[in-house]
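Let's walk through this structure together, one question at a time. Have the sequence and the coordinates open beside you.

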Amino acid sequence: MLNLNIPKIDTALAEEGAWVEFQPGISFLIRRERTPQYVSAIQAIHKRHKRQLDAGTASNEVIDAAMAEAQARHILVGWSGLTEGDDHKSLPYSVDAALAILRDPAYQELRDWVMEQSRDVENYRGQQLKER
């Protein structure tokens, strides 16, 4: 195995997810975008909608919903400090709750942020590399 003198990704962290603070008190557990599970899910979406994609007739809504499902199942895998309602009741993580959030146009900014974080290699460097 190579041991180059350049930063590398902690593959376990990329697969399990890294905690990233969204704002004080709210953090999300985000897997790296290039995990095999997410790549497979995206390939399945392309395969399922190939005819429409090739013809340029694929509905943006259908593709967006499929992408949100893949992101909820394989990218956004946990959170801490997220609350709902006027009484700020703690919202426990579940794939269904993540999917509801990621499909809601009102939370598009959060969805974009989650995907940006999943692409940010610095989130997946080991702690020892961050300290260098």
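Q: Where is the place of Ser-118, and is Ser-118 buried or exposed?
A: This is a predicted model, and in it Ser-118 sits in helix α6. Residues under 20% relative accessible area count as buried. Ser-118 has a relative accessible area of 0%, so it is buried.

Q: Which residues does Ser-118 touch, leaving aside those up to four places away in sequence?
A: Start from helix α6, where Ser-118 has its place. With residues up to four places away in sequence left out, the contacts include Glu-33, Ile-75 and Tyr-124.

Q: What covers the buried residues of α6?
A: The buried residues of this helix are Leu-110, Arg-111, Trp-113, Val-114, Met-115, Gln-117 and Ser-118. Among the helices that cover them are α2 (36–48), α4 (60–74) and α5 (95–103). The cover also includes the strands β1 (18–23), β2 (26–30) and β3 (76–80).

Q: How far does α6 reach from its first C-alpha to its last?
A: Helix α6 spans residues 108–119, which makes twelve residues. At 1.5 Å a residue, 16 Å is expected. The model comes close to that, with a reach of 17 Å.

Q: Is Asp-112 buried, partly exposed or exposed?
A: Asp-112 also lies in helix α6. Asp-112 has a relative accessible area of 36%, so it is partly exposed.

Q: How far apart in space are Asp-112 and Leu-102, C-alpha to C-alpha?
A: Asp-112 belongs to helix α6. Along the sequence, Asp-112 and Leu-102 are ten residues apart. In space, their C-alpha atoms are separated by 9.2 Å.

Q: In the open sheet of three strands, which strands stand at the edges, and why is one side of each left without a neighbour?
A: The strand order is β1-β2-β3, and the pairing is antiparallel. Two of these strands have a single partner each, so one side of each has no neighbour in the sheet. The edge strands are β1 and β3. From one strand to the next, the twist averages 30 degrees.

Q: In the hairpin of β1 and β2, which residue in the turn has a positive phi?
A: β1 and β2 run antiparallel and are joined by five bridges. One of these pairs Gln-23 with Ile-26 in β2. Two residues lie between the strands of the hairpin, and the one with a positive phi, about 90 degrees, is Gly-25.

Q: Which residue in β3 is the bridge partner of Ile-30?
A: β2 and β3 pair in the antiparallel sense over four bridges. Phe-28 is partnered by Trp-79 in β3, and Leu-29 by Gly-78. For Ile-30, the partner is Leu-76.

Q: Why is β2 largely enclosed by the rest of the structure, and how many of its residues are buried?
A: One side of β2 carries Ile-26, Phe-28 and Ile-30, and the other carries Ser-27 and Leu-29, with both faces covered. In β3, by the count of its own residues, four of five are buried. β2 is largely enclosed because its buried residues number five of five.

Q: Which element gives the most to the lining of the largest pocket?
A: About 270 Å³ of space lies in the largest pocket. Its lining has 14 residues, and those nearest the centre are Leu-82, Thr-83, Ile-101, Tyr-107 and Leu-110. At least two lining residues each come from β2, β4 (83–84), α5 and α6. With three residues, the element that gives the most is α5.

Q: How many helices and strands does the protein chain have?
A: Along the sequence, the pattern reads α-β-β-α-α-α-β-β-β-α-α-α. The C-alpha atoms fill a box of roughly 50 × 45 × 20 Å along the principal axes. The totals are seven helices and five strands.

Q: Among contacts between residues at least 6 apart in sequence, what share joins residues at least 24 apart?
A: The protein chain has 132 residues, and buried ones make up 36% of them. Now take contacts between residues at least 6 apart in sequence. The share that joins residues at least 24 apart is 60%.

Methods:
Residues are numbered from 1 along each chain as its sequence is written. This is a predicted model: local features need pLDDT of at least 70, side-chain atom pairs count only at pLDDT 80 or more; totals for chains, interfaces and linings use all residues. Side-chain values use heavy atoms; hydrogens and water are left out. The expected span of a helix is 1.5 Å times one less than its number of residues. Buried means under 20% relative accessible area, exposed over 50%, partly exposed in between (1.4 Å probe, protein chains only). Contact means heavy atoms within 4.5 Å. Two strands pair if DSSP finds at least two bridges between them. Axes are lines fitted to C-alpha atoms, for helices over the stretch in contact, and angles run from 0 to 180 degrees between N-to-C directions. On a 1 Å grid over the protein atoms alone, a cavity is a set of points where a 1.4 Å probe fits but cannot get out, and a pocket is an open set with protein on both sides within 12 Å along at least five of seven lines; lining residues have an atom within 4 Å of a point. Grid points are joined across faces, edges and corners, and a volume is the space filled by probe spheres set on the points.
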